[in-house]
Amino acid sequence: MYGKLHGACLYGIDGVLIEVETDLSNGLPQTAIIGLPDSAIREAVERVRAAIKNCGFKYPSQRVTINLAPADLRKEGSSFDFAIALGLLTTSEQVVLPAGERTLFIGELALDGSIRPVNGVLSMVDLAKREGFHSVLLPEENAGEARLITGIRIYAVRHLMDLIPAKDHAQYIIEGQSKDRNTNDLPNPMDDEGTNQTGNQIISQDIKQAMDPAPKAIPNEAEHYVQGKRITVRQRAMIHSYDHLPQADQIPMCEVKDVIDVMEDYSDVLGQLHAKRALIIAAAGMHNIILIGPPGAGKTMLIRRLPSILPPLTEKEALEVTKIYSAAGKWKESSPHLMNIRPFRSPHHTISAAGLVGGGGIPKPGEISLAHRGILFLDELPEFSRHVLEVLRQPLEDRNVTISRSRAVFKYPAHFLLAASMNPCHCGFFGSDTQHQRCTCSSSVVARYRSRISGPLLDRIDLQLEVSQPKDWREEKESLSSAEMRRQVLLAAQRIQIDRYNKLPFSWNSELSGQMLRKYAVLELHAAELLDQTMDALGLSMRAYDRILKLSRTIADLGQSEQIMVSHVAEAIQYRNMDRAQANISEE
């Protein structure tokens, strides 16, 4: 006897359809799962065996072979339990599923038959829709996530027995019967009052009303116990459709408000107008930024409010971000919509390289992928391990990260805005001496401290801004708010850049490269001369040249200028403070 159903698993953050093939043959009772399963899938045999028995069915006492195809693809996770259990029940003819309907089964089984949630459902359902499946059966806890994909029927299942309509259960409840199964112990035919020939009441009235007047005895018998009573199922479950199951859009969701905390507003930051200007530029073009200044200057406060001025996620970006969080098991909200706020990730400086880029025995997305289409904030940048910082170089250029394993290669998206902060030296007061606080670091100590950030990584940071202690903040009555800054960002990011790159595979000035950079970042003659002179004076690399060019393009967009003028290039150059400071230290 042979049967086939469809399950799914994750491959990186993408869903993969898997054929769950079941074969029953004569031989010693044993179960084998083949097709490169991991330990969680191999352990599914015991979960499925217990769930089938505890739901009143019979686990096949034959040689059982379960194949997960394609056989050369490594499978991981517990999402196949539901499909394996139904594959065994349909192959042994205890359950008959609707014919002519392509259905995907996702879920982990508990020992009592309950369906538990799994990670990555959004990617699996999205793939099922694109592959032409009619319906998906999945755990009720994942219904809110799956309902985000429209155009496919999503049914929520809490228990394995929910598949069978109540009127078709046809269960006999026998009290005080021996645990030994014996067909001779089956109850005698009942009369109209639900009693056997001995006059003992053997079936409750509510179950009797749900039964057909003359239930047919089919050899597929099984038994289990409910509240001390033994239940014997003597009917093959005929499932004509899944319409008796609740659909995902019928399940009430709690109200989730995706709004930015009103306490995180730039109006709280008094002064620092030059820093706010740099942050507007960074948000408008998704440029990397680092703030350098003494302790207490407000560097962390400024960057933590950066999400409040970023443009909202587009529908395509929202789907990408939600898929990543679903695959990582971090999307737990019962929200009726996709994530619409750009993520903000701020890992501690003790994080490992694997925690930052992703990895592990079962690879999971790291912090740079969780910050996809959002912000990765590295506070006190020099305190991070040199090895950890160097792994950022490739993702900052390619905007994705590739993790290779012996059996598979995983690619995770990593298009993020890198925001960092650091002190100018080890003591923190280099260049900002006051009467009470003086820098105690020599030029060699300062150079050694800053060398923790390599030149290639620094080249990839567009805005390098010094932030000093505000002096006249007591006299300032009003401060630039997030709403005003956001208005400038949306003017440059949405109205100009989206229209300009409408039919191109990118949408931000920071993504320009090669011919596209030369086409859209056209310098006025004097602006080109200024940039060439700066290259020679500071000894900048060609990567830094392109970064300044892209930054000048964003500044020109904020000024509603199609051509890049001298003022735009001059402003972009002044944001290369680390390059200038390094040149000054070298001269000393």
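**Exercise 1.** How many bridges join strand E6 (residues 103–105) to E9, and do the two strands run parallel or antiparallel?

*Solution.* Three bridges join E6 to E9, and the strands run parallel. Strands here are DSSP runs of E with at least two residues, helices are runs of H or I with at least four, and both are numbered from the N terminus. Two strands count as paired if DSSP finds at least two bridges between them. Within this pair, Thr 103 stands opposite Ser 135 in E9. Next, take the pairing of E9 with strand E10 (residues 153–157): five bridges join them, again in parallel. Val 136 has Ile 154 as its bridge partner in E10. Last, burial: strand E9 (residues 135–139) is largely enclosed by the rest of the structure, because five of its five residues are buried. Buried means under 20% relative accessible area, exposed means over 50%, and partly exposed lies in between, with a 1.4 Å probe and protein chains only.

The model is predicted, so local features need pLDDT of at least 70 and side-chain atom pairs pLDDT 80 or more, while totals for chains, interfaces and linings use all residues. Residues are numbered from 1 along each chain as its sequence is written, and side-chain values use heavy atoms, without hydrogens and water.

**Exercise 2.** Describe the hairpin of E1 and E2.

*Solution.* Start with the pairing: ten bridges join E1 to strand E2 (residues 14–25), and the two run antiparallel. Then look at the turn: two residues lie between the strands, and Gly 12 takes a positive phi near 75 degrees. Finally, seven of the ten residues of strand E1 (residues 2–11) are buried, which leaves the strand mostly covered.

**Exercise 3.** Is Leu 558 buried or exposed, and which residues does Leu 558 touch?

*Solution.* Leu 558 is found in helix H19 (residues 542–558). Its relative accessibility is 16%, so it counts as buried. Contact means heavy atoms within 4.5 Å. Not counting residues up to four places away in sequence, Leu 558 touches Arg 277, Ile 280, Ile 281, Ala 284, Gln 488 and Ala 492. Ile 281 is 277 residues away in sequence, yet 7.9 Å away in space, C-alpha to C-alpha.

**Exercise 4.** Which residues touch the most other members of the largest nonpolar core?

*Solution.* A nonpolar core is a set of buried Ala, Val, Leu, Ile, Met, Phe, Trp, Tyr and Cys residues joined through side-chain atoms within 4.5 Å. Of the 68 residues in the largest one, Val 125, Val 136, Ile 368, Leu 376, Leu 378, Leu 392 and Phe 416 touch the most other members. Helix H4 (residues 121–130) supplies the largest share, six residues. A second, separate core has 55 residues, including Met 286, Ile 375, Leu 512 and Ile 573.
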